[in-house]
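Subject: Structure handover

Hello,

Here is the structure for you to take over. Please open it alongside this message.

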Amino acid sequence: MSGGDQEPGRYYVGVDVGTGSVRAALVDQRGVLLAFADQPINKWEPQFSHHEQSSEDIWAACCVVTKKVVQGIDVNQVRGLGFDATCSLVVLDKQFHPLPVNLEGDSRRNIIMWLDHRAVSQVHRINETQHSVLQYVGGVMSVEMQAPKLLWLKENLRETCWDKAGHFFDLPDFLSWKATGVTARSLCSLVCKWTYSAEKGWDDSFWKTIGLEDFVADNYSKIGNQVLPPGASLGNGLTPEAAKDLGLPAGVAVAASLIDAHAGGLVIGADVRGHGLSCEGQPVTSRLAVICGTSSCHMGISRDPIFVPGVWGPYFSAMVPGFWLNEGGQSVTGKLIDHMVQGHAAFPELQAKAAARCQSVYAYLNSHLDLIKKAQPVGFLTVDLHVWPDFHGNRSPLADLTLKGMVTGLKLSQDLDDLAILYLATVQAIAFGTRLIIEAMEAAGHSVSTLFLCGGLSKNPLFVQMHADITGMPVILSQEVESVLVGAAILGACASGDFASVQEAMAKMSKVGKVVFPRLEDKRYYDKKYKVFLKLVEHQKEYAAIMKGD
Ligand SMILES: Nc1ncnc2c1ncn2[C@@H]1O[C@H](COP(=O)(O)OP(=O)(O)O)[C@@H](O)[C@H]1O
Ligand SMILES: O=C(CO)[C@H](O)[C@H](O)COP(=O)(O)O
């Protein structure tokens, strides 16, 4: 059947593993979310910059949420299952048991998380090689990718981990293996995080040069020598064991997965007709998806490869088949906002007041800003308070993990007004970071006219409005708030055979919801603040140079 013909009672389950929680949704053929469940997951930070998780813990959470969303339906109507997840590194031994990625030898913690920055020395050495594969990650490999983390394991946990390891998975691929027993990797994870080329495969010389020749010797069996496009059906579908864990029938089609940002990125395929948007008459390449959770990822596609310094990619077919992808990013955005708000002296007062009104702290802060803004637009409250948001280094477009956060304009006050304005300045700084990434992408050949926002931060109206005002572009929100999950369900829908391609499923299942237009009358103000924003990083580099000198 083609997805054009809507058949009642055909469901797909999408599972999205974010940094802080696992979510699942039951989705129908029109992309309507019928049930949703979430569950927090454990994170460990045994040392500064070391971030670890447990694959068993994550799988258990996937099972809990999946069982919840299919409760009360005839599970035989579930036609496909799709996973997306953060691009964290999962390590298993030859019998597929977890291996410790830590000095304590705790094998429960067998995942080095994407935001882990332990492999700084390793990534410097990899970048010093100037190997040609680096052209396809914006010219500079990130410490958040898998090659430096693998090298760290070899150099630091030789006996307890490296020598015993049988399988290194990207988390999305671990989940599809756990569901099907098929170890094939998704093209998405291997291309974006592991230097695999959709056209040329693995590059032996890269692994030999960086000291991981072991992978070449065994024909890449530990990191993947069978590669499938996202959405392809894996093996015979759900194994009986996984089916029992998830509360679904054995044999349900399971898709080759996507990284979480890439599942969110499928929102750009929505049919935009009838919303008065400039992108209606333009190619899909004029749309930029920004997936905003713990981090933000900026996904832009093109027909031909575009090399953007400091922006990951170009990656062929890693998100939308047949298109090249560039991926800009900010390593901490939601995490930064939480950090600034929760670390402020007035946070306990904020919590108490928000709880009294049964509101989230962010809803309370947004209404508080509206109260104190007087006659001016809310954004003007930060005329003398500026933030540089790289508290965890800069992912794009400066690709400099040594950069730090900055705040200028602090006073002695520690009250709720002060907290609210600092929160606003932080949200604005994140939006200025997006503007900087878009400018870099446009300078290299992209032409962006419309933003599609999704992820947890897109539920914050202030965050959305600031992205519109500061970039000067309309921001589209999906009809389904949990649109990353619709992306995961699209994978399941493709694997089931109900849609012929990811493109067809995107067009049918991604839907435009609210459109937020920029307040163009505020442009002059934001242009001035952007000038200050750029000065901040220039000054930070000058300070570093002064301190390095004699
Ligand atoms: N309703 C909301 N209002 C404001 N911020 C929100 C809301 N929901 C989530 N967030 C923010 O979004 C971030 C988490 O987004 P999420 O997509 O769940 O992250 P992840 O996928 O990394 O687990 C957090 O920093 C949180 O503060
Ligand atoms: O690197 C990434 C995608 O390429 C993501 O930032 C990482 O996977 C974490 O995502 P999230 O902020 O949604 O938890």
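Below are the ground rules, then the overall picture, then some local details.

This is a predicted model, in which local features need pLDDT of at least 70 and side-chain atom pairs count only at pLDDT 80 or more, while totals for chains, interfaces and linings use all residues. Residues are numbered from 1 along each chain as its sequence is written, chains are lettered from A and ligands numbered from 1 in the order in which they are written, and side-chain values use heavy atoms, with hydrogens and water left out.

**Overall picture**

The protein chain has 17 helices and 21 strands. These are DSSP runs, numbered from the N terminus: helices are H or I with at least four residues, strands are E with at least two. The C-alpha atoms fill a box of roughly 65 × 65 × 45 Å along the principal axes.

Buried residues make up 61% of the 550. Buried means under 20% relative accessible area, exposed means over 50%, and partly exposed is in between (1.4 Å probe, protein chains only). Of the contacts between residues at least 6 apart in sequence, 72% join residues at least 24 apart. A contact means heavy atoms within 4.5 Å.

**Aromatic rings**

How many aromatic pairs does the structure hold? There are 23. Rings of Phe, Tyr and Trp (its six-membered ring) pair if their centres lie within 6.5 Å; planes under 30 degrees apart count as stacked, over 60 as edge-to-face, and the rest as tilted. Trp207 and Phe215 make an edge-to-face pair, with 5.4 Å between centres and 85 degrees between planes. Both Trp207 and Phe215 are buried. Tyr530 and Phe533 are stacked, at 6.1 Å centre to centre and 15 degrees between the planes. They sit three residues apart in helix H17 (residues 523-548), so about one helical turn separates them. Tyr530 is buried at 5% relative accessible area, and Phe533 is buried at 3%.

Trp207 and Phe215 also belong to an aromatic cluster.

Two arginines lie over ring faces. Arg435 is over Tyr530, at 3.9 Å from the ring centre. Arg118 is over Trp152, at 4.6 Å. The test is that NZ of Lys or CZ of Arg is within 6 Å of the ring centre and within 35 degrees of the ring normal.

Tyr196 is in the loop between helix H5 (187-193) and helix H6 (204-209). Tyr196 counts as buried, at 16% relative accessibility. Beyond its neighbours within four places in sequence, Tyr196 contacts Leu187, Leu190, Val191, Gly201, Trp202 and Val227.

Tyr220 is in the loop between helix H7 (214-217) and strand S10 (227-228). Tyr220 is buried, at 5% relative accessible area. Its phi is positive, near 60 degrees, and it is not a glycine.

Most residues other than glycine have a negative phi, and most peptide bonds are trans. Phe96 has a positive phi too, of about 70 degrees. Phe96 is in the loop between strand S6 (89-93) and strand S7 (111-112), and is partly exposed at 26%.

Which peptide bond is cis, with omega near 0 degrees? The one from Gly313 to Pro314. Pro314 lies in strand S15 (residues 312-316). A cis bond also joins Ser396 and Pro397, with omega about -5 degrees. Pro397 lies in the loop between S17 and S18.

**Two polar side chains**

Thr402 is in the loop between strand S17 (386-388) and strand S18 (406-408). Thr402 is partly exposed, at 47%. A polar contact of 2.6 Å joins the side chains of Thr402 and Asp400. A polar contact is a pair of N or O atoms within 3.5 Å; within protein, one must be able to donate a hydrogen and the other to accept it, and residues adjacent in sequence count only if both atoms are side-chain atoms.

Ser257 is in the loop between strand S11 (253-254) and strand S12 (258-259). Ser257 is buried, at 1% relative accessible area. A polar atom of its side chain lies 2.9 Å from the backbone oxygen of Pro172.

Best wishes
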